[in-house]
Each structure stands twice: as C-alpha cells, then as structure tokens.
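Good morning, and thank you for coming. I would ask you to keep the sequence and the structure in view while I speak.

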Amino acid sequence: MTYLVVGASSGLGRALAERFASAGNEIILVSRDRRDTEALSAHLTILHGVKVSPVTIDLANRPLSYAEIDAALQAHQPLKGVLLPAGANDDDDAVGLNDDKLTYLTRVNYLAPCELLNRYLPLLKDNDGVVIGFGSVATARGRTQNAAYAAAKSALQAYFESLAHSGTRCQFYILGYLNTNLAFAQDLPFPMAAPDRIANVVYKQRFANGRRFLPRPWYMVYRIVQLLPWFIYKRLSF
Amino acid sequence: MTNALLRQSRFTTFDGTLSLVTDHQRPDRYSHLESLEDNRPRIARGGGYAYSASSFGADSLVQEMTCFNRFLKFDPETLVLTVEAGVRLIDIMTWAIPRHMHLPVLPGYPLVTVGGCVAADVHGKNPFKDGTFADWVKEITLYHPQKGYQVCSAMKLPELFGMTCGGFGMTGIITEVTLQLAKLPAPALAVTGASLHSLQEASRTLLACEADIAYSWHDACPGPGFGKGIMYTGHWAQQHKGAADSLSFKPMTSKSRATLPFSVWNGITARLANKALLLQNDIAKANRATGILKASFPFATNPYFHKLFGKRGLRETQFLVSEANIERCLDGLKELINATGAPTMMISLKRFRGVQQSLSMTGTGILVALDCFRNARTESFMEALDAQILEFNAQPNLSKDSRLPGSIARQTLPGLVEFEQTLYRYDKDRLMRSELSERLGLQ
C-alpha cells in the first residue's frame, strides 16, 4: 500500500514517513525542497527496501500543481492514506500580521492541505483509505502569539470534523510540543515529545477514527486553558 | 528565506574542562543549513564527543548536523556507502552487520557521527592494521557559505579533501561522506586479555602483534603498580556463544557524563579500581568471544569510567611516538609520573601506521593515551608532559587534549604550517571557527 506524506522533509513528517516505510509501505514524499525529499527517499529505500518517490510542491503556491503526485501515484501501489503533518508558523504571527504572511500561514496550514485532500479523496474512498491530519494545542484559545497559525489549524480541525461527519475514515491529532526545529528555537515551558514516538502511535492507530491528543497529557492542559475564566486568561502571557 | 531558528546553548567539551554559551542552530533541511548570512562565523558539530572544543567557540555559531542523518547511496558491488554527516557509527554498523559488512575504523563510542570522525580523523582498535578513518573515506561533500557545495576526493580537489580529513571542520560544513565498507570476516570477535608487567612490555608486544584488534591498558597511578596492565588482542571468530550482537545502552553526553557534582577518582580510588580491573582480568576467561558491536564500542556499556570523573572532568592527552623513540619516551613518562606524584589514572598504547597530513594524528609509531583526574597538580603535570612531547618529537592528538597550547602544536604537528597556508588561501575570511582554531592561531 502507498501513503502520501505531505510535509515530509523533516520533523514529524519525516518520522511518519520512516515509521510507515519501516512497515513495508510505499511512500510518496511531498515537500517544497526536492533535495530533502530525495535524500529521505534514498534513506528509506536503502534502510527498508521500499519504493519511495520524492515530489516537489510548495503549499504556498496557488493553484497547487498535482502533476508530480499524479505521476508518482501511477507508479505506486494503490493509495491507502494521506498524512498531512505540513505546517508553518512565523515569529511575527500576531493580530495585525501583514497580508502576505497571513495568506501564507492560512494557505500552508489550512487551505492547501484541504485542497490536496479534496483532490485525492475519491481515490482514497475507492481504496478504503484513511486521512490523517495534525493540529496544535495552540487552537485551545486565541492568544496574542500565533494568531493566524492557530486560526488556520482550528479551521483544519473543523474541516476534519466535517470529513468524519461525511463518512470519510479520518483521524485528527492535536499535538503538544514536539522536539522539532520549530520548537528548537523557543523557550517552551513543557517537555517536548520525540517525533518518532508520535509517529509510532499514529502508525499503530492508523485505521481508527476520531480526534486525539498527543502526547495525551496535553488534553488536560487544553481543557484547563479552555475553561479558564476570561478575566484570568486575558492576563496570561504565553 | 528560511527562518534561521537559532537559540543560545551551552556547549561543554566531553572532558568537562571547557564550557561556553553561543548561538546554536540544528538545521534539518538544506534551506535551513543555508539560511545564515554568508559572512557569519560558524562551526559544525556532530555528536559532541570531542575532548577539545573543536565544535564550538566564542562568537561562532554552532551548526549541529545531527538531523542530516540519512543514508544516500549504496553500491552492493563495491560496498561503497554514501551517508550524510550526522549519521552515527551505530547506525552504520547496525545496518551493515546483518548485511555482512562493517566499518573497520571505529572509535569507542557509538554515537559519534561520521562527520565528526572525518573532521578529527579518528582511529579504531588497531590503527596499524586498519589505518585511520580518513583511509576509508572516498569522497566528501562540503558546504561553505561563500563557495556553495563542493565535492572533493583524492582525485577531485585533492588538496581540499586532504585538509578536510583531520581538519576539524575548518574547511566547511561536511554534509555528505562516501565510505568504503569492508566485508565482515566473521560474525564475532574473540578478545583475549593478557597480563602485562610494564609499558615497555606492551610496546614490544604491540610491535610484534598481528591481531585484528590490539591495544593495551595500564595502571598509571604513581608507585610500584605503575605500568602493570592488560594486552587486549582480538581475532575474528565464527561463534560467539551467549554474546548476541546487540548493544543496549543509555546515551551519554558531555552533560550526563558530568552529573556527579564531585570526582570519585583520586589517588586511592584510582589505584583500587585499577587493581580490581587487573584482578578481574586474571579471573575471567582468557578468551572472550563477543559481538562486534560490544567489542567496537566498549564505552557504550561501561560509562562509569567517564561518569565518575564528575563535573570537574578529566584531562586526557594522546600522542604518537616513533618506534625509535618509544622505549625512551615510556621510561621518561614513568620517571615523570613517579617523580611528580602525577594524578594519572590509566595509560593505553596502540600501534599506528600511516602518513601524517592536515591536523590529523597519523603516522607510524606507538600512540600513548593518558587519563588524569583533576587536582592541584594536574595542570603542571600536563605542562611537563608537553615538554616530553617536544623532547621525543611526538605528535599530539588535537581532538583529545582540550588545553594543548598552540605553540606546542605548532612545534609538533608536521602538517600544521602547510595546513594554515592552504586554509588561508582557500578561505580568506576564515569563517569556520572554533576554540580549537583560535588556540592554534588559525583565526
């Protein structure tokens, strides 16, 4: 079976590609820099002996160009799943963000994943496939930082709920801090989970439906933040 | 442009004697590696297991290459493997052994990266037979912000290739390394530990030894027990009963090595531990068949030697002495240690064969490795040892000594002057900087 991993060059996307390939699945790797996906493609083929195709797509572009993915799909086994760990944030992301950055964050975190998903949904349904999306604990409540990012991820979360409601087999993971490069440069108050650990959980539950928090303790943090009275919440700085 | 994603991190040498805070980037994709300003001083870092500060320095950004850890190409006919610089030795070995291949030159810790092995031109358990790491490198891809990516080998840009092997990262950021693997002669190693009475006996035994693994360990505490030791020799073996080839260990870093707030090692505990090791070797079976991983990475499963030096750390020095000078050097060393009551704990000897180049400790002779716990006498002893290195025309190992003065290195490393001239010609701005490059006067 073949899995399409969007945002596969590093972090969770790379960990997911490695985990799914290690189980003998064929992989189509999507990222905006072919050098990264070519290197990962070679790595997975040498280590696991599976067929892997690198594909270059920049999610910030509109319209998305599907030609490379379509060509890769022709050369692979039937598509069994689409994984969407792609995402981006920005240090300047706050209310009042300039139009270009607002558009970029909205496209990469919400619009492009949905467009890509819509494109391959009929194929997935034919193969009884699964769609796996990834959100963030930043969506618990709007705050000063990550305004556009949290809004876009909230929209993606809502879209996945609609997908589930329409009968598509799908999962949505709300992720806490991960030890990826996005977190590397930040001074975070909680421990970070290893991407390969998260990827392992996702792989094991790949055919389940529903919404989950990873790592699980983030559910409590998420709920506490949501339940905080406004007069307390608005005084918090994080 | 990709966000550079930097943070400030504290870096400490593995011996725990030098530490500083500087900018830190951990690129995980090519655009990220290229995201810094072209004129920003930087230095690459691998696993962080060098005893000297060759992978960090004041006002130099550290580019940690551990996320560049993919296997890129493999030719099963020629056993040539291309990997990214951040691939660790354990990754190669756990992949290669089931495919009946191995990398013959392996330093003692499995999490050392391939890029680090090239930069320090490390050695393994028998440099006389296997050479140093550079002898197994066929091609290197380097990134320099002002020159882009350059591929070098013995045939293509040979000068750059020669400078990069043992160049401690001063020629650029190593991104890819092509290695020549070897066919695995057998699935296990049979290691023998024979008792030794002196360093001289070890040196003579090494000069006559033709084993696949050959090195000695000695009690270096001053006094009557000085020099007693064990000669470890190993041969490939077809069977290793009860010694499955797997390695289970908890990773040790410069930080976790220094967890203890004090050093357990002192004159008394070092003597006791050494005597216990000698006794254990006498009692244990003479011929111990073991898995390749365990034999290759002895410090993975036994981290206590390093950890018990605690936060205060240790001093290690290594130097290569010619076969003609080794007996006199060992006599001088014994005299110096006994006369000064030096805080020395252990000495190890290995035989080398090769030709010195760049800043690498290579050549023909006997390597003397010496570990000290740190007390009031340590620094003066190390200075006295520097004088011996000069006297016996020995060649120091820059990756193992975090305090070796640049003046001593200049007098003892034959390739340093040529390295300096070529380096300045290649990189006028000298962008790749570390504490080591500063200490050597290569800024």
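This is a predicted model: local features need pLDDT of at least 70, side-chain atom pairs count only at pLDDT 80 or more; totals for chains, interfaces and linings use all residues.

Residues are numbered from 1 along each chain as its sequence is written, and chains are lettered from A and ligands numbered from 1 in the order in which they are written.

Let me begin with chain A. Its open sheet has seven strands in the order S3-S2-S1-S4-S5-S6-S7, with parallel pairing; two strands pair if DSSP finds at least two bridges between them. Helices (H or I, at least four residues) and strands (E, at least two) are DSSP runs, numbered from the N terminus. At the edges of this sheet are strand S3 (52-56) and strand S7 (210-214) of chain A, each pairing on one side only. From one strand to the next, the twist averages 15°. Within the sheet, strand S1 (residues 2-6) and strand S4 (residues 79-84) of chain A run parallel and are joined by four bridges.

Helix H2 (residues 34-48) of chain A lies across strand S2 (26-31) and S3 of chain A, at about 175° to S3(A). Helix H3 (residues 67-74) of chain A lies across S1, S2, S3 and S4 of chain A, at about 170° to S3(A). For such angles, axes are lines fitted to C-alpha atoms, for helices over the stretch in contact, and angles run from 0 to 180 degrees between N-to-C directions. Two residues are in contact if their C-beta atoms, placed from the backbone, lie within 7 Å.

How do helix H1 (residues 11-22) and helix H7 (residues 195-204) of chain A cross? Their axes come within 8 Å and cross at roughly 50°. H1(A) is therefore oblique to H7(A), since angles under 35 degrees count as roughly parallel, over 145 as roughly antiparallel, 65 to 115 as roughly perpendicular and the rest as oblique. Among the residues making this contact are Leu12(A) and Phe20(A) of H1(A), and Ile198(A) and Tyr203(A) of H7(A). By class, the contact has nine nonpolar, two polar and three charged residues. Here Ala, Val, Leu, Ile, Met, Phe, Trp, Tyr, Cys and Pro count as nonpolar, Asp, Glu, Lys and Arg as charged, and the others, Gly among them, as polar.

I turn to the contact between the chains. It brings 18 residues of chain B together with 16 residues of chain A. On the side of chain B, S1, helix H1 (30-33) and strand S5 (71-75) each supply at least two residues, and S5(B) gives the most, with four. That side divides into eight nonpolar, three polar and seven charged residues.

Finally, chain B itself. An open sheet of four strands there has the order S1-S2-S4-S3, with mixed pairing. Its edge strands are strand S1 (6-12) and strand S3 (42-45) of chain B, and the twist averages 40° from one strand to the next. S1(B) pairs with strand S2 (residues 19-25) of chain B in the antiparallel sense over seven bridges. Ser9(B) has Thr22(B) as its bridge partner in S2(B).
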